[in-house]
Amino acid sequence: MLTIFALLHGDKYRSATKSKAVHYSVSSRFVSVSPSSLFQRNVSRARVGQQISEKTVVLTPLSDPRLVSTNVSPEIELTKVHYKRVAFLKVHKAGSTTAQNIFLRYGESRNLTFVLPIIREDHWDNVISVQSTLNDKNILPPPQNRTYDILCCHVLYNSEAFHKYMPTDTAYIGIVREPFDQFLSTLNYFRAPYIFERIKSRNKVLKYLQDPSHYEHGLPYRWSMTNNRMAVEFGFPSNLFHQYLEEESMNYLTKLDKEFQFVIIMEYFTESVVMMRRILGWTIKDVLFFRQNTAPRSYSFADNTHRHLYERFAKLDYDLYNFFYRRLWSQIQKEGLDFQLELLYFERLRKEVEDYCNYKVDKRSGYIVVASKWCSAFVVSRDDCYYLEKNEMVFVERIRTRQYGFQKRGNLMEDYVLSLNESLS
């Protein structure tokens, strides 16, 4: 931790690409268990669970270090605010699908109302827009007598538009990734034709990186997936994509700092989730996650030796990443040792739950998690495992069916929206 916090107080404003080894030093190796031992542990925990209440701290032998209490006081208020409503800015290729599952599960388990895209031809059913922000033409109106609670589908951020549709008590959450890594992942996924088809060179990506502006010329910045894409999705002023001005970039980041309660850093995803849980006032169970939609970390078309080339071009993305990287560690620092202990607990528990859900064992009785300093006792059920693993498209389809009763494509969906808007007006 000292290495990271030394960075926070450094004089130079620079990209944060420190190794995660310093953080992993706080974790212990998780030893997988067999299905039979899972059953025996559940039986043991069931007996313990009968004797505990929400305020009870359970002390167990050192053989199960995850359950060793570090309580000084059994009741510590981690937050004064409990957020029910969330607007999550789902940024492309930044680990956002894994984070989105947290918000999908939270809202679906509580019958909350989601902001969902209108289904259109030649358009992903889980994407609101990749070129524009929220408007009446790209989202379904809320069901009658309901207001929106959760927004977590792809769309560009605009403060005025988001506040038009989301209630005033909404928490705003974003996510960012080290920009060059995000750029490589984007190339791998979208295979941008203005790079892979237009450029006639043996190493097309390197050729692009030598003069990105040349190949971005004439392409509207909102249509580009490689021109400071994270800044595009965070709604940076359009003029900055044509002429970078550091002061104006910093002014906009100051604005975002006031509007977003929290921004996840992909490289420190678990740390971010634990911090986010504290800010939102949610439970440990609410923020459990399995990593989804992951891709290889190495690519044939570029490597880390080319990072400096992208850094000199993607100044907005690096401003954005560095700003919220520093804010994350500032927020964590204020939490003290208790945060590190919760982080250790959460990561061990998360791995246990993931192993349990992946094992082919009878899940009818569920996996019992006994009370700790950071959570009351709870059970991970078969349905919990199902939703933790659920594909985004399937999840969004289920929610759309629950909220509107059916799915229709093209003009039929548009007619439905028009009739619904007329009934609400």
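Guide: Lys-93 is buried, as its relative accessible area is 13%, and buried means under 20%. The model discussed here is a predicted one.

Visitor: Where is Lys-93 found, and what is noted about its phi?

Guide: Lys-93 sits in the loop between β1 (85-88) and α4. Its phi is positive, about 55 degrees, although Lys-93 is not a glycine.

Visitor: What makes Asn-228 count as buried or exposed?

Guide: The relative accessible area of Asn-228 is 4%. Buried means under 20%, so Asn-228 is buried. Asn-228 is placed in the loop between α9 (212-216) and α10 (229-233). Asn-228 also has a positive phi, of about 50 degrees, although it is not a glycine.

Visitor: Why is the link of Cys-357 and Cys-385 called a disulfide?

Guide: The S to S distance between Cys-357 and Cys-385 is 2.1 Å. A disulfide is a pair of cysteine sulfur atoms within 2.5 Å, so the pair qualifies. By this rule the count comes to one disulfide. In general terms, a disulfide is a covalent bond between the sulfur atoms of two cysteines.

Visitor: What is the handedness of the link between Cys-357 and Cys-385?

Guide: The link is left-handed, with -75 degrees about the S-S bond. Cys-357 belongs to helix α15 (residues 337-358) and Cys-385 to helix α16 (residues 382-389), so the pair ties together parts that are 28 residues apart in sequence. Both Cys-357 and Cys-385 are buried.

Visitor: Why is α15 described as roughly perpendicular to α16?

Guide: Two packed helices are described by the angle between their axes and the distance between the axes. The axes of α15 and α16 cross at roughly 100 degrees and come within 10 Å. Angles of 65 to 115 degrees count as roughly perpendicular, so α15 is roughly perpendicular to α16.

Visitor: Which residues make the contact of α15 with α16?

Guide: On α15 they are Val-353, Tyr-356, Cys-357 and Asn-358, and on α16 they are Cys-385, Leu-388 and Glu-389. The residues of this contact divide into five nonpolar, one polar and one charged.

Visitor: Which residues of α16 are buried, and what covers them?

Guide: Cys-385, Tyr-387 and Leu-388 are buried in α16. The cover over the buried residues of α16 includes α4 (96-109), α15, β6 (378-380) and α17 (392-404).

Visitor: How do you know whether Cys-375 is buried or exposed?

Guide: Its relative accessible area is 11%. Because buried means under 20%, Cys-375 is buried. Cys-375 lies in the loop between β5 (367-369) and β6. Leaving aside residues up to four places away in sequence, Cys-375 touches Ile-284, Tyr-345 and Val-370. Cys-375 and Trp-282 are 93 residues apart along the chain, and their C-alpha atoms are separated by 9.9 Å.

Visitor: What makes Ala-302 count as buried or exposed, and where is it found?

Guide: Ala-302 has 5% relative accessibility. The limit for buried is under 20%, so Ala-302 counts as buried. Ala-302 is in the loop between α12 (269-280) and α13 (307-313). Residues up to four places away in sequence not being counted, Ala-302 touches Leu-184 and Val-205. Ala-302 and Val-205 are 97 residues apart in sequence, and 6.6 Å apart in space from C-alpha to C-alpha.

Visitor: How many helices and strands does the protein chain have, and what share of its residues is buried?

Guide: The protein chain has 18 helices and six strands. Of its 425 residues, 52% are buried. The protein chain exposes about 20,500 Å², of which carbon and sulfur atoms supply 51%. Among contacts between residues at least 6 apart in sequence, 74% join residues at least 24 apart.

Technical notes. Residues are numbered from 1 along each chain as its sequence is written. This is a predicted model: local features need pLDDT of at least 70, side-chain atom pairs count only at pLDDT 80 or more; totals for chains, interfaces and linings use all residues. Side-chain values use heavy atoms; hydrogens and water are left out. Helices (H or I, at least four residues) and strands (E, at least two) are DSSP runs, numbered from the N terminus. Buried means under 20% relative accessible area, exposed over 50%, partly exposed in between (1.4 Å probe, protein chains only). Contact means heavy atoms within 4.5 Å. Accessible areas come from the Shrake-Rupley method with a 1.4 Å probe; for residues, only the protein chains shown count as cover. Axes are lines fitted to C-alpha atoms, for helices over the stretch in contact, and angles run from 0 to 180 degrees between N-to-C directions. Angles under 35 degrees count as roughly parallel, over 145 as roughly antiparallel, 65 to 115 as roughly perpendicular and the rest as oblique. Ala, Val, Leu, Ile, Met, Phe, Trp, Tyr, Cys and Pro count as nonpolar, Asp, Glu, Lys and Arg as charged, and the others, Gly among them, as polar.
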